[in-house]
Amino acid sequence: MKTKLPIAIAFLSGLAMVAVFILNPEKVGDMEGELLQWTTVIGGFTLLLGVVSIVRVNWRPVVRRETGWFNNAALLLSVAVMAIPSVLPVSWSPLFGTDGGSMYDWFFINLSAPMMATMFAMLAFYVASAAFRAFRARSAEATLLLLTATVVMLWRVPVGEGLFVAIHSKLPNLINTYVMGGVNVAVQRGIIIGAALGAAATSLRIMLGIERTYMGKT
Amino acid sequence: MGFWQRVSQLDRRWIYLAVALAVIFPLLVPMKMKLGITPEARQLYEAIETLPDSSVVMLTFDYYPSTVAETRPMSIAALHQMFRKNLKVITMTTIPLGGPSMADRTMKLMGDLYHKTYGVDYVNLGYKANYTAVLLGMGSSIESIYPSDQYGTPLANLPLMQTVKNYDQISFIFIVADNGIVDNWISIVNAQFSTPMGAGVTAVMAPKFYSYVQAKQMTGLLGGMKGAAEYEMLVNKPAMALIGMDSQSLAHLLIIGFVIAGNVAYFATRKKKESKG
């Protein structure tokens, strides 16, 4: 029952959405709207589930004082400080909720945002270091990739663009047309079509109960 | 130890220092280099420019704070154009962490700048979980997905939302994103509801979306900080993206320089090893 019921729900929900997409909306009424509202409501509950899960996973190391427990404690404290005031009603205090001037907003602007931006900005340093150590023209394919990357990197910045214009005024447009709009698009289309077919196949596998990993089973 | 061997074993801290200097120096001493505008950016600009006055457009804030250097200038430049043209703007986000805060701050900043009234000239719908259902559901009824706006005001009480029921009343969707949500906007909203749309995305994402522009599923594309800088130039409001292009220029040159030096050192030392062996 624990397996059959979720599979039946997944099958019927998937079938309903397919039917709504194919059939005339007048014949199925507002079934699509109803189903989508259900989905957003369930989506809200999954956020709650995420919070419960993160607390459960991190609480145990703190209680048992496992190695690095203070990292788990810092994470739990962060979740509490960001989440609790944000869900309390603004009518109680302007510090609650998520609007400008709330605790959530203050922590987000002054802590969360700069930390996330810092993490992302550090990529520039790693990319430069990795490019120096690992980007080698060892084979014909690697050389082609290296040359294309160099051309695109130059083309995307004013100094490189100026350099290309100095060689020929139409060179930047040619790169845009033939590298980005030509070779790149051909490859990207292959990837996009492949991914779409994969997504359709996975959806079908879920609907038919072949794919069960979402229930924690293989 | 030979010169190239020393180069190939260069301490990475020197690389980090060089990158830091390449990024910081142009911010202190702007170089103001000339920038070309790609056809994709111009198409996006023209698509909004040709909309009739008071048309309703949607601007999304589908990005995390980590990419604001690339994405926020796009949102701001787009709002300059939209508010200057007296377009009515509806904003929303599919990002729970920070999306609502960034949309709120940016909209208030730009709304005040152009003396726009909340609820009449622009509305911030905020965030709702499960983006697939949100995008699909807004096709039949925005109110069924967002009964109230970001501040808890019922949509029925907002004058702008009394005329906007679903995508049929939205003339254009300008997506600013740093993640895969753009695919969903195209495959769900453009494909099923034929709403015209364009996107501003991070530089690493941009190559993927050229195919959608060619297929006319997207009317224009901004890629990374360069795309944002192009849009700032198009709306004639030079700001952070244009300033940042100098840093990006030097950083790119530096990385290309490192790649060349790394390869020369690699081949020079390999040749030496082979001749010894």
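A salt bridge here is a side-chain nitrogen of Lys or Arg within 4 Å of a carboxyl oxygen of Asp or Glu. By that rule, chain A and chain B share two salt bridges. In one of them, A:D105 pairs with B:R105, with the closest N and O atoms 2.6 Å apart. The model is a predicted one, so to speak of local features takes pLDDT of at least 70 and side-chain atom pairs count only at pLDDT 80 or more, while totals for chains, interfaces and linings use all residues. Residues are numbered from 1 along each chain as its sequence is written, chains are lettered from A in the order in which they are written, and side-chain values use heavy atoms, leaving out hydrogens and water.

Now for the contact itself (heavy atoms within 4.5 Å): chain A puts in 54 residues and chain B 66 residues. About 5100 Å² is buried between the two chains, with carbon and sulfur atoms giving 66% of that; buried area is the accessible area (1.4 Å probe) that two parts lose on being put together, summed over both. On the chain A side, A:F132, A:R156 and A:P158 lose the most area to chain B, together 14% of what that side buries.

Just after α3(A), A:R65 takes a positive phi of about 55 degrees.

Conventions
Helices (H or I, at least four residues) and strands (E, at least two) are DSSP runs, numbered from the N terminus.
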